[in-house]
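Here are my notes for you, in numbered points. Keep the structure open while you read and find each residue as it comes up.

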Amino acid sequence: MNNLITIKDLSKDDILEIYNRAYEFEKNRRKANHSNAQVVTMFFENSTRTKLSFELALNKIQANKYDFQPSTSSINKGEELFDTINNLSAIGFDTIILRHESSSLIEELVNKKYYQDISFINAGSGTNAHPTQALLDFYTLKKHFGNIEGKTVTIVGDVLHSRVARSNIELLKKFDVNIRILAPKAFIDESIEGITYFDNLKTAFESADIIMALRIQKERIKEKIDFEEYIKNYQITRDNLPYAAILMHPGPVNRDIEIESSVLEIQNARTILNQAKNGVYVRMALLDMILSNKGL
Ligand code: CP
């Protein structure tokens, strides 16, 4: 494995290998030294969790990390991103961690020829894919349940604009998880197959093991959102959250929209912070695999 663009790039065995390696890192039973690696983070969209957990992961595996800032770069003088990356490759950087608003750009970039070999890790591409989020969600679920086959997850909210939902659905299908979607019509993507759609919260939450809330992606939505209607029908509250289910959210949470604020204080919501924590071990594992494959 030299790149990670979507979950489709990974077999079930690859995902389990990332899980096992991440677990070894978490338990301090594995160490890595990638001091020959020169890794650049390039974030064209805002980020807190993904960017900083990649940075911490790089520190922990002793790789060299550099932050490319689009706003102060020569992109602002009109340089095309391919040319920028080709120059970075010539300078001596070997790995790019890229977040971009385009759903397809990273696939185009990965298929181009560079001055020297360069690897790409997708840190979020438009509405299409966020593979490391799905991997850390899988890690969180597997640590909690052991085996996730046959479990039922209800994904709630803005599926249409969610790269997190798409990557999670791809991954969870590989592990035979029952996937339910609860969303208003405006947030449904009918092209996603093999899942069950609900428009009633009570039915969608019945006997669910996992409730996975999604952020409403305000920055990607041009139409006016009826928040009152959304909150009335789809907000996760202390009253409707199933007692035995775990609550997940990729972050950032829009408090009192997707989730009633007070729910974030209760035990079922601790998983949300565990997701953020686990992101570091999963990203260490992924980087360790890719950099080792490159001999770095
Ligand atoms: N979950 C996630 O991608 O969060 P950030 O946008 O803060 O990186």
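1. Start with the ligand. In this predicted model, the residues around the ligand are Ser47, Thr48, Arg49, Thr50, Arg99, His130, Gln133, Pro250 and Gly251. Sort that shell by type and you get 1 nonpolar, 6 polar and 2 charged residues.

2. Arg99 places a polar side-chain atom 3.0 Å from an oxygen atom of the ligand. With Pro250, it's the backbone that takes part: one of its N or O atoms lies 2.9 Å from a ligand nitrogen atom. Gly251 also has a polar backbone atom, 3.3 Å from a nitrogen atom of the ligand. As for cover, the ligand on its own has 260 Å² of accessible area, and the protein covers 92% of that.

3. Next, have a look at strand E1, residues 38-43. Is it buried or exposed? 6 of its 6 residues are buried, so the rest of the structure largely encloses this strand. Check which way they point: Gln38, Val40 and Met42 go one way, while Val39, Thr41 and Phe43 go the other way.

4. Who are the neighbours of E1? Strand E2 (residues 64-68) runs parallel to E1, joined by 5 bridges, and Val40 stands opposite Tyr66 there. Strand E3 (residues 95-100) also pairs with E1 in the parallel sense, over 5 bridges. On that side, Val39 has Thr95 as its bridge partner.

5. Last one: trace the chain from E1 through helix H2 (residues 49-60) to E2, and you've followed a right-handed β-α-β unit.

Terms used
Residues are numbered from 1 along each chain as its sequence is written. This is a predicted model: local features need pLDDT of at least 70, side-chain atom pairs count only at pLDDT 80 or more; totals for chains, interfaces and linings use all residues. Side-chain values use heavy atoms; hydrogens and water are left out. Buried means under 20% relative accessible area, exposed over 50%, partly exposed in between (1.4 Å probe, protein chains only). Helices (H or I, at least four residues) and strands (E, at least two) are DSSP runs, numbered from the N terminus. Two strands pair if DSSP finds at least two bridges between them. A crossover is right-handed if, with the strands pointing away from the viewer, the path from the first strand over the helix to the second runs clockwise. A residue is near a molecule or strand if one of its heavy atoms lies within 4 Å of it. A polar contact is a pair of N or O atoms within 3.5 Å; within protein, one must be able to donate a hydrogen and the other to accept it, and residues adjacent in sequence count only if both atoms are side-chain atoms. Accessible areas come from the Shrake-Rupley method with a 1.4 Å probe; for residues, only the protein chains shown count as cover. Ala, Val, Leu, Ile, Met, Phe, Trp, Tyr, Cys and Pro count as nonpolar, Asp, Glu, Lys and Arg as charged, and the others, Gly among them, as polar.
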